[in-house]
Amino acid sequence: MIPSIHKQGRSTTRLLAYLYGPGRREEHTDPHLVASFDGLAPDPGRDPHTTLGDLARLLDEPLHLLTDDARPTAHVWHASVRAAPGDRTLTDTEWADIARRVIAATGIDPGDGAGCRWAAVRHADDHIHLIASLVREDGRRPDHHRSGQRAQAECRRIEADYDLHRVKPGDGTAAKRPTSAERHKADRHHRQRTSREELRETVRRSAAGTAGEEEFFARLTTAGVLVRRRTAPSGDTLGYTVALPGDVNARGEPVFYSGSTLAPDLSLPRIRKRWTKTSDDATQRPVTGPATARRRASAAVWEALSVIDHGDDAVIAAHIAAAGEVLDALAQTSATHTHLELQAAATAFERASRSHVRAARGHDNALRGAARDLVHSGPALGRGEDGATTAMAIDMLFFLITAAAHWHATKQHAQQAEAAHLRAAYQAAAEHPMALLNHRGRHLAPSQQRHHSAAVRRALPELADRILAEPGWPALAATLADAQAAGRNPAALLGEATRRRELTSTTSISDVLVWRLRRTADLPAYGVSAAEAHWAAPANSQPAPARQTPTPSTPRTPRR
């Protein structure tokens with residue numbers, strides 16, 4: 001059950017005309033009242049002798065208790081209550097009860113006999129609209145402060161009483177959803193996402209790993225969006241707004257959104273908190289290429305895991321937010337065969353990167369530096385060391401995001417806990433390097449295979465049978481052989497790799513150990529020579545194409 005409080009209006013008749021009309025896309029069917037303040041309000045949808053004006057005048061009657069100067073300008077309160085996808089179709093009687101409960105919970109008509117006049121209109125199977133005049137019968141204004149949160153709380157109780165889908169409670173940190181007008185505009189122009197959603201993603205990725213204001217705005221410009229800065233008389237930037245080229249209003253003007261309306265953590269003051277002096281110093285490091293950047297990211301993520309497991313809440317919140325920057329940067333620079341999966345994972349984790357716990361910035365420098373390295377290293381290939389270190393980084397991120405989900409769950413941040421998944425991206429990135437390592441492992445001498453299986457049994461006696469039966473065991477055997485050839489003790493490496501984090505909850509223990517061992521022992525992530533790899537190079541392993549910046553010679557068609 002999803003309630004929404006809409007912007008207050010000035011005309012009861014105009015809103016009723018929309019609710020009883022055909023809708024913007026002829027989607028309204030059989031509009032009619034299901035409830036009202038006294039249960040006796042006339043229904044223009046069912047009574048041919050009743051007009052919209054009759055109902056509007058009835059609802060607005062308490063306005064006449066006030067003088068013209070005292071009457072509120074925007075006196076029309078409007079809310080909608082929508083069933084969750086998959087819920088059964090509710091009857092009019094059930095919707096009437098839900099309407100009365102939400103109206104009472106929001107303070108519009110608390111049941112004291114002098115509440116506001118209201119009506120509930122149904123014009124679809126899955127939702128109702130609530131309309132009220134914001135003057136009580138005694139001439140006072142209603143106490144509807146925080147009505148959205150009150151409606152949310154009541155809807156959680158309604159879900160339990162009616163055995164409906166339990167929507168996870170929010171904490172006020174979620175990004176604003178697109179309005180119905182924005183969604184309809186996107187539909188008209190055959191776009192899968194609204195301008196608000198596109199801009200949110202663009203701003204978020206432009207901010208990933210930045211060291212200062214000029215770099216942030218330069219990235220926004222490079223990404224192809226229109227940028228306006230709001231400046232003080234001193235010339236200091238106070239804020240910013242962004243717009244998509246070609247997205248215009250009815251007057252042909254670009255539709256700008258401020259950072260704070262895209263997401264709470266994208267306002268300029270919030271982004272500036274990332275730019276601590278120590279962060280600026282830490283991010284000025286030479287980057288030698290995508291593979292090096294991915295190795296650094298893997299190391300930073302691995303170290304962050306212990307912080308999330310044992311750190312202070314404010315420091316944990318900073319590390320989780322910075323992990324979102326690493327994931328954004330990895331998605332920006334990934335190869336074609338992992339690009340879409342990583343984009344989806346980054347978008348999902350965006351919700352998990354925010355909570356009401358205030359992040360202690362400055363403790364997340366290693367992760368933010370890793371995000372910067374990824375962006376400045378440029379696009380990665382999907383094969384060779386680039387592709388293998390991508391799989392290594394994703395594997396480490398998977399454990400961090402799982403730990404983040406666990407932390408959110410312990411804090412009752414239910415919606416954030418649901419926003420963590422990277423399995424599809426990992427499978428796409430790891431398929432080729434793991435296939436090559438498995439190929440090598442299967443061709444080890446029998447004596448080597450026995451030697452390494454014995455090392456696993458000594459180091460991990462309780463998990464050995466499972467590991468040796470996994471499809472990824474040959475790849476782990478090849479990795480142990482590489483570690484031994486590099487002068488490392490395989491048994492000691494196995495003990496070190498498993499000491500800090502449990503393995504039983506993972507899908508493939510051998511996969512996890514491959515990447516932990518190759519990172520810890522500083523082994524090449526790819527693990528094979530070019531001659532050994534030629535037979536299995538993927539056809540779709542090119543870098544993802546960069547987003548093109550519009551130029552005056554290639555204008556976009558305005559979208560109204």
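Which residue in strand 5 does V81 stand opposite? In this predicted model, the residue facing V81 is I128.

Strand 3, made of residues 76-82, and strand 5, made of residues 127-136, run antiparallel and are joined by seven bridges. Both belong to an open sheet of five strands, whose order is 1-3-5-4-2 and whose pairing is antiparallel. At the edges of this sheet stand strand 1 (2-5) and strand 2 (32-36). Each of these edge strands has a single partner strand, so one side of each is left without a neighbour in the sheet. From one strand to the next, the twist averages 25 degrees.

Helix 2, spanning residues 52-60, touches strand 2, strand 4 (116-122) and strand 5. The direction of helix 2 makes about 145 degrees with that of strand 4. Helix 4, spanning residues 147-162, also packs on the sheet, where strand 1 and strand 3 are the strands it touches. Between the directions of helix 4 and strand 1, the angle is about 165 degrees.

Strand 7, residues 237-243, is linked to strand 8 over two bridges in the antiparallel sense. A closer look at this pairing shows T241 with S258 of strand 8 as its bridge partner.

In soluble globular proteins, nonpolar side chains tend to be buried together. Here, the largest nonpolar core holds 75 residues, and the members that touch the most others are V326, L327, I467, L476, L513 and W515. Helix 15 (residues 384-410) supplies the largest share of this core, with 13 residues. Apart from this core lies another one, of 41 residues, which includes A35, W118, I158 and L164.

When its neighbours within four places in sequence are left aside, W515 is in contact with A388, A391, M392, D395, M396, Y426, P433, M434 and A525.

Note on methods:
Residues numbered from 1 in each chain as written. Predicted model: local features only at pLDDT ≥ 70, side-chain atom pairs only at ≥ 80, totals over all residues. Heavy atoms only, no water. Pairing = 2+ DSSP bridges. Helix = DSSP H or I, 4+ residues; strand = E, 2+ residues; numbered from the N terminus. Core = buried A, V, L, I, M, F, W, Y, C linked by side-chain atoms within 4.5 Å. Buried < 20%, exposed > 50% of the residue type's maximum accessible area, 1.4 Å probe, protein only. Contact = heavy atoms within 4.5 Å. Axes fitted to C-alpha atoms, helices over the stretch in contact; angles between N-to-C directions.
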